[in-house]
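Subject: Structure handover

Hello,

Here is the structure I promised to pass on. My notes follow below it.

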Amino acid sequence: MKITRLPVLLLLLLFVQCSKEKNNDPSPDLGKGLLAYLELNGQFKDSAGNFDVTSGGFLSWAKNRHGYGNRALSCNGGLFSFAVPWWRANPITVSLWVKPNGLDVTGCLLSSHEGTFGMYQQQSKIGFSICNPDTAFAFAEVAAEWTHVTGTFDGNDIKTYINGKLMTTLRHPG
């Protein structure tokens, strides 16, 4: 009697496992937790709708890394920033494509109005900064070419990734 129950039980488990409803759209929800999304599609606005973005200095439209016009900003002494008065040491990721005009420049590329976080260039280095309550920078070397830079903060460490590779980790508990 025990022998006949085992195949029925296995068949039932196999059927239950195989009959689970499959998700036909495995794409992640990229809007979940998104603070801002600047498409740079000929407009300078936050597509996520959370911020009024302010530009300062000498920002102008430029070609992106694929050669399409009005899809990138040239910062020529300018920067862009936005107000996030409610952000206090929460985990955050900031990601952007940059092409330094030169490696002898020092300045801010992106910043919150309050200075709580930002992306900065210091000559041949670009890095993520967190002010919580002291300001700390995690810089990494870059070349004068299109480079994907990502900065993360998890409440303890500031990390800078260059072209997807972790380059710098700086302990900075919040």
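A residue is called buried under 20% relative accessible area, exposed over 50%, and partly exposed in between, using a 1.4 Å probe and protein chains only. By that rule, buried residues are 32% of the 174 in the chain.

On provenance: this is a predicted model, so local features need pLDDT of at least 70, side-chain atom pairs count only at pLDDT 80 or more, and totals for chains, interfaces and linings use all residues. Numbering starts from 1 along each chain as its sequence is written, and side-chain values use heavy atoms, with hydrogens and water left out.

Overall make-up. The chain has one helix and twelve strands. These are DSSP runs, numbered from the N terminus: H or I of at least four residues for helices, E of at least two for strands.

Four strands form an open sheet, ordered E5-E10-E11-E12, with antiparallel pairing. Pairing requires at least two DSSP bridges between two strands. Strands E5 (92-98) and E12 (165-171) are at the edges with a single partner strand each, so one side of each has no neighbour in the sheet. Twist averages 15° from one strand to the next, with axes fitted to C-alpha atoms and angles from 0 to 180 degrees between N-to-C directions.

One pair in detail. E11 (residues 157-162) and E12 are joined by six bridges, antiparallel. Isoleucine 158 has leucine 170 of E12 as its bridge partner.

Contacts. Contact means heavy atoms within 4.5 Å. Of contacts between residues at least 6 apart in sequence, 42% link residues at least 24 apart.

Best wishes
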